[in-house]
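Here are my notes on the model. Please keep the structure open while you read them.

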Amino acid sequence: MSFKHNLQDINQVQGGTIPKSPDLQLSPYPGNGISLTGRNQNFSYNLVSTLSPRTVNEARIGWNRFRLTTMPQDHTLDASQYSKNLNFSNKGLPEILIGGFDPSGGTFGPYASLGANFTAPANRADNVSSVADSINLTRGRHVFKFGGELRYNRPDVDNEAMGRGLMTYFNIPYVDIYNEPNLASIARVGPEFAGVNGVGPFDRSFRAKSFAWFARDNWRPHSPWSVNLGIRYEV
């Protein structure tokens with residue numbers, strides 16, 4: 001009999017080109033990175049029972065959980081005070097790009113952006129549970145093994161990142177930023193705000209069950225030769 005449980009705690013800051021200010025009273029911006037927290041763990045229990053000198057049963061129970069939560073570092077800022085189009089106060093600023101965005105090349109302007117990227121805020125939890133049992137039979141030169149497994153998958157996703165919107169300044173082709181000799185002429189280009197048309201916060205939950213069975217024969221007609229035959233079915 002064996003038992004195993006693994007646990008991993010995650011608490012880190014990812015990405016971000018503007019670090020958190022050492023003095024938030026003088027410079028109140030808390031950074032444009034993402035605070036990532038989570039706890040991943042898996043559990044397994046195995047029991048091997050000798051029913052007779054030629055019969056062995058193996059039973060296994062398993063559970064695996066993967067959970068991650070992302071939050072913009074600047075989620076403490078009240079974005080609604082900057083624009084009447086923003087009606088949330090706990091998700092941080094929109095992603096503000098200075099220098100524009102080139103959709104053909106997927107590249108951003110030369111300046112650091114404000115607001116986290118579109119992976120936050122979000123929360124995801126994946127749970128997988130399984131139960132399996134198999135039996136081994138030794139008969140002469142044959143070792144038969146057959147059994148089955150039942151698995152239950154439960155992923156849950158809550159992503160509100162796209163709802164923060166996107167704001168770009170100097171929304172001109174990317175290459176023109178470098179070829180433009182006069183930055184003042186760039187500054188005359190006004191800001192553009194978009195709510196990311198057709199995309200917004202979403203909450204998804206999925207449930208799936210699967211079952212599998214198998215049968216196998218390990219036949220040793222003559223040492224050191226062996227023949228393995230088997231079949232497996234999953235649904």
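1. How many helices and strands does the chain have? This is a predicted model. The chain holds 2 helices and 13 strands.

2. Next, the contacts across the chain. Take those between residues at least 6 apart in sequence: 66% of them join residues at least 24 apart.

3. Burial and surface come next. The chain has 235 residues, and 28% of them are buried. Its accessible surface comes to about 14900 Å². Carbon and sulfur atoms account for 56% of that surface.

4. Look at D217. This residue sits in strand β12, which runs over residues 208-222. D217 is buried, yet it has no salt bridge. The nearest side chain of opposite charge belongs to R216, 7.9 Å away.

5. Which side chain makes a polar contact with the side chain of D217? The partner is the side chain of H142, at 3.0 Å.

6. The bond is cis, with omega about 0 degrees. Most peptide bonds are trans. P121 lies in the loop between β6 (107-108) and β7 (122-139).

How values were computed: Residues numbered from 1 in each chain as written. Predicted model: local features only at pLDDT ≥ 70, side-chain atom pairs only at ≥ 80, totals over all residues. Heavy atoms only, no water. Helix = DSSP H or I, 4+ residues; strand = E, 2+ residues; numbered from the N terminus. Buried < 20%, exposed > 50% of the residue type's maximum accessible area, 1.4 Å probe, protein only. Lys, Arg positive; Asp, Glu negative; His and termini not counted. Salt bridge = Lys/Arg side-chain N within 4 Å of Asp/Glu carboxyl O. Polar contact = N/O pair within 3.5 Å; in protein donor to acceptor, adjacent residues only side chain to side chain. Contact = heavy atoms within 4.5 Å. Areas by Shrake-Rupley, 256 points an atom, 1.4 Å probe, with all protein chains shown as cover.
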